[in-house]
Amino acid sequence: MKKVEKMDTHLEQMKPPLQTTDIQKVVQAAYQIDLNSKIVQDHNFAQFLKENQSGQQIRQFINQTYGINLDAISALEGSRISLYSKNQWIVQDDQDLFVVWTGIGDVDVKVYPTDLYKNKTNTSSLPSELKASLQSIGYQPDEQSGGYYYKDPAGQAVPDSFKGQTMGAIMQVVRGLDKR
């Protein structure tokens with residue numbers, strides 16, 4: 001069962017009206033993501049929950065307000081991509097080939113190979129097609145990690161579209177590697 005489905009199942013089993021602490025527990029159970037206390041204490045979130053109870057509405061609000069895209073996180077399941085964001089592992093599996101790491105406020109992003117990828121390919125650098133894709137959207141080589149790094153020049157959080165381009169480039173390479 002996908003994480004989105006797990007969340008919706010948990011929500012269906014709860015009695016309205018939902019509280020912010022209920023959402024924190026549901027997200028923890030479905031995604032293993034700890035929504036910090038700021039979210040739980042957010043008056044706007046509590047107000048929102050008085051009128052909106054569906055999983056889809058709640059996920060959209062969490063993404064728009066807190067920058068946590070639960071739908072996209074669910075879509076990463078089985079993608080062989082680990083995601084570190086909000087000071088915690090959001091998605092991680094022993095079979096993952098690449099890591100996407102985001103810094104505080106999602107202002108910077110790093111993409112680098114996992115130890116599994118390095119062992120399977122006998123190289124510590126990203127595949128050339130991934131390097132080219134990442135460079136085309138603004139990433140620069142990061143010698144320390146063997147990966148690529150991007151920092152928003154204006155100091156703003158990178159938009160979901162940029163994250164989507166990054167994940168899309170990595171997924172395309174993973175599909176090619178899995179066919180070999």
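Axes are lines fitted to C-alpha atoms, for helices over the stretch in contact, and angles run from 0 to 180 degrees between N-to-C directions. Two packed helices are described by the angle between their axes and the distance between the axes. The model examined here is predicted.

In this model, the axes of α1 and α2 cross at roughly 140°. They come within 9 Å. The crossing of this pair is right-handed. From α1, the contact is made by Lys3, Val4, Lys6, Met7, His10 and Leu11. From α2, the partners are Ile23, Val26, Val27, Ala29, Ala30 and Tyr31. By class, the residues of this contact divide into nine nonpolar, one polar and two charged.

The loop between α1 (3-12) and α2 (20-31) holds Pro17. The peptide bond that runs from Pro16 to Pro17 is cis. Its omega lies near 0°.

Helix α4 covers residues 43-51, and helix α5 covers residues 55-66. Their axes lie 11 Å apart, and the packing angle is about 160°. Angles over 145 degrees count as roughly antiparallel, so α4 is roughly antiparallel to α5. The crossing of α4 with α5 is right-handed. On the α4 side, the contact involves Asn44, Phe45, Phe48 and Leu49. On the α5 side, it involves Gln57, Ile58, Phe61, Ile62 and Tyr66. This contact of α4 with α5 has seven nonpolar and two polar residues, with no charged residues.

Attention then turned to empty space. Rolling a probe the size of a water molecule over the atoms shows where empty space is left. The largest pocket has a volume of about 370 Å³. It is lined by 23 residues. Closest to its centre are Asn69, Ala72, Leu83, Lys163 and Met167. Helix α9 gives the most, with seven residues. By class, the lining of the largest pocket has 13 nonpolar, six polar and four charged residues.

Asp106 is found in the loop between β3 and β4 (108-113). The phi of Asp106 is near 55°. That value is positive, in a residue other than glycine.

Technical notes: Residues are numbered from 1 along each chain as its sequence is written. This is a predicted model: local features need pLDDT of at least 70, side-chain atom pairs count only at pLDDT 80 or more; totals for chains, interfaces and linings use all residues. Side-chain values use heavy atoms; hydrogens and water are left out. Helices (H or I, at least four residues) and strands (E, at least two) are DSSP runs, numbered from the N terminus. Angles under 35 degrees count as roughly parallel, over 145 as roughly antiparallel, 65 to 115 as roughly perpendicular and the rest as oblique. A crossing is left-handed if the near helix is turned anticlockwise from the far one by less than a right angle, and right-handed if clockwise. Contact means heavy atoms within 4.5 Å. Ala, Val, Leu, Ile, Met, Phe, Trp, Tyr, Cys and Pro count as nonpolar, Asp, Glu, Lys and Arg as charged, and the others, Gly among them, as polar. On a 1 Å grid over the protein atoms alone, a cavity is a set of points where a 1.4 Å probe fits but cannot get out, and a pocket is an open set with protein on both sides within 12 Å along at least five of seven lines; lining residues have an atom within 4 Å of a point. Grid points are joined across faces, edges and corners, and a volume is the space filled by probe spheres set on the points.
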